[in-house]
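The questions below go with the structure shown here. Each answer works towards a value or a name.

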Amino acid sequence: MIKTARDTWRVLEPIHGMIYFAPEAAAAYKALGLSYHAGYFASRSAGLGTVPASVVIATFYNFNPRLVTDSISTAWATTDPASVLAARRTAADQTLRRVLGHDAVESPEIARAATLLREAAETVADDFTGRPLYAAHAALPWPDEPHLVLWHAQTLLREYRGDAHVAALLTAGLSGIEALITHAATGTIRAETLRTTRGWSEADWYNAVDGLRERDWLTEAPEPTFTALGQARRAEIERVTDENSAKPYIHLGESRCAELQALAKPYSRALAEELMPWLLARKS
């Protein structure tokens with residue numbers, strides 16, 4: 001069931017992840033006076049309220065603290081959490097309607113998928129311990145429209161898993177930048193993409209690579225790969241993350257997870273093709 005849980009989360013992830021790449025979201029945040037990064041950090045952390053940058057650094061984990069500090073300081077000097085949350089939800093609505101089309105958004109398939117995923121999310125509605133970012137999103141009101149219920153439910157489950165992943169990384173002794181480097185070493189995404197999107201300099205990156213080599217996580221190759229020890233430790237991080245994220249899907253069971261995957265695949269693929277083509281390339 002652990003594998004089914006992970007597979008179900010992965011199939012549905014574009015339904016949440018699209019909000020970080022949608023031009024509708026960028027335009028909505030720009031209308032509030034926010035840059036891309038200010039909009040990203042503010043929109044994802046707005047459920048926490050106007051907390052200091054240190055709280056966002058702690059919960060987001062792998063971004064350069066300077067980038068977070070600059071972005072959050074600008075965001076909350078320019079607008080407020082309620083406005084950002086409203087802009088994010090409106091952008092999600094607009095993007096889903098544009099990419100999936102009216103017939104899909106109004107379909108019984110979307111409604112059924114939303115019902116299943118909301119049930120999964122509500123199974124862990126009070127499971128806040130050690131999950132601060134999930135708790136913030138779980139305190140937000142549910143939307144009414146099925147396509148937005150689906151998006152919100154997947155957002156909750158993504159942050160539920162994300163908090164578990166941060167805990168696993170921390171217990172494994174990895175800093176935020178080291179977590180990114182070991183992610184790159186799995187081969188699922190380019191190191192340069194992770195470095196630049198998280199705001200780290202080349203010097204920061206290569207210093208952290210050297211530190212992981214000294215700890216026998218990485219080889220000495222120009223493009224670092226895992227040593228046997230590093231591979232085992234990263235696999236353990238993924239195992240712990242999976243186990244601590246599976247409860248909502250275990251509640252649904254194998255057959256309803258399979259139904260949910262089948263319902264969601266066309267929508268996830270359409271969103272990935274439109275907004276995240278690199279995600280499809282990574283899975284092929």
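**Cavity, pocket and chain**

Q: Which residues line the largest cavity?
A: In this predicted model, a search of the whole structure finds 1 cavity of 30 Å³ or more. By class, its lining holds 5 nonpolar, 1 polar and 3 charged residues. The residues lining the largest cavity are Ile2, Ala5, Arg6, Trp9, Leu157, Arg161, Asp242, Ser245 and Tyr249.

Q: Which helix gives the most to the lining of the largest cavity?
A: Two helices, α1 (2-17) and α10, each supply at least two residues of this lining. The greatest share, 4 residues, comes from α1.

Q: What is the volume of the largest cavity?
A: Rolling a probe the size of a water molecule over the atoms shows where empty space is left. For the largest cavity, the volume is about 50 Å³.

Q: How many residues of the lining of the second largest pocket are nonpolar?
A: The second largest pocket holds about 270 Å³ of space and has 15 lining residues, with Ala184, Ala191, Trp205, Glu223 and Pro224 nearest its centre. Helices α11 (176-185), α12 (191-197) and α13 (202-214) each contribute at least two residues to the lining. Of the lining residues, 2 are polar and 3 are charged, while the number of nonpolar ones is 10.

Q: How many helices and how many strands does the chain have?
A: The C-alpha atoms fill a box of roughly 55 × 45 × 35 Å along the principal axes. The secondary structure of the chain consists of 16 helices and 0 strands.

Q: What radius of gyration does the chain have?
A: The globule rule gives 19 Å for 284 residues, and the value for the chain is close to that, so the chain is as compact as a globular protein of that length. Buried residues account for 50% of the chain. The radius of gyration is 19 Å.

Q: What percentage of contacts between residues at least 6 apart in sequence join residues at least 24 apart?
A: A contact here means heavy atoms within 4.5 Å. Among contacts in the chain between residues at least 6 apart, the share joining residues at least 24 apart is 74%.

Q: Is Gln154 buried or exposed?
A: Gln154 sits in helix α10 (residues 146-171). Beyond its neighbours within four places in sequence, Gln154 contacts Trp9, Leu12, Glu13, His16 and Leu117. The cut-off for buried is under 20% relative accessible area. At 0% relative accessibility, Gln154 is therefore buried.

Q: Which residues does His147 touch, not counting those up to four places away in sequence?
A: His147 also lies in helix α10. With a relative accessible area of 2%, His147 is buried. Residues up to four places away aside, His147 touches Asp93, Leu96, Arg97, Val105 and Ile110.

Q: What is the phi of Tyr61?
A: Most residues other than glycine have a negative phi. Tyr61 is in the loop between α4 (53-60) and α5 (65-78), and is buried, with a relative accessible area of 15%. Although Tyr61 is not a glycine, its phi is positive, at about 75°.

Q: Is Asp216 buried, partly exposed or exposed?
A: Asp216 is placed in the loop between α13 and α14 (228-243). Its phi is positive, near 65°, in a residue other than glycine. Buried means under 20% relative accessible area and exposed means over 50%. Asp216 has a relative accessible area of 39%, so Asp216 is partly exposed.

Methods:
Residues are numbered from 1 along each chain as its sequence is written. This is a predicted model: local features need pLDDT of at least 70, side-chain atom pairs count only at pLDDT 80 or more; totals for chains, interfaces and linings use all residues. Side-chain values use heavy atoms; hydrogens and water are left out. On a 1 Å grid over the protein atoms alone, a cavity is a set of points where a 1.4 Å probe fits but cannot get out, and a pocket is an open set with protein on both sides within 12 Å along at least five of seven lines; lining residues have an atom within 4 Å of a point. Grid points are joined across faces, edges and corners, and a volume is the space filled by probe spheres set on the points. Ala, Val, Leu, Ile, Met, Phe, Trp, Tyr, Cys and Pro count as nonpolar, Asp, Glu, Lys and Arg as charged, and the others, Gly among them, as polar. The radius of gyration is taken over C-alpha atoms; the globule rule is 2.2 Å times the number of residues to the power 0.38. Buried means under 20% relative accessible area, exposed over 50%, partly exposed in between (1.4 Å probe, protein chains only).
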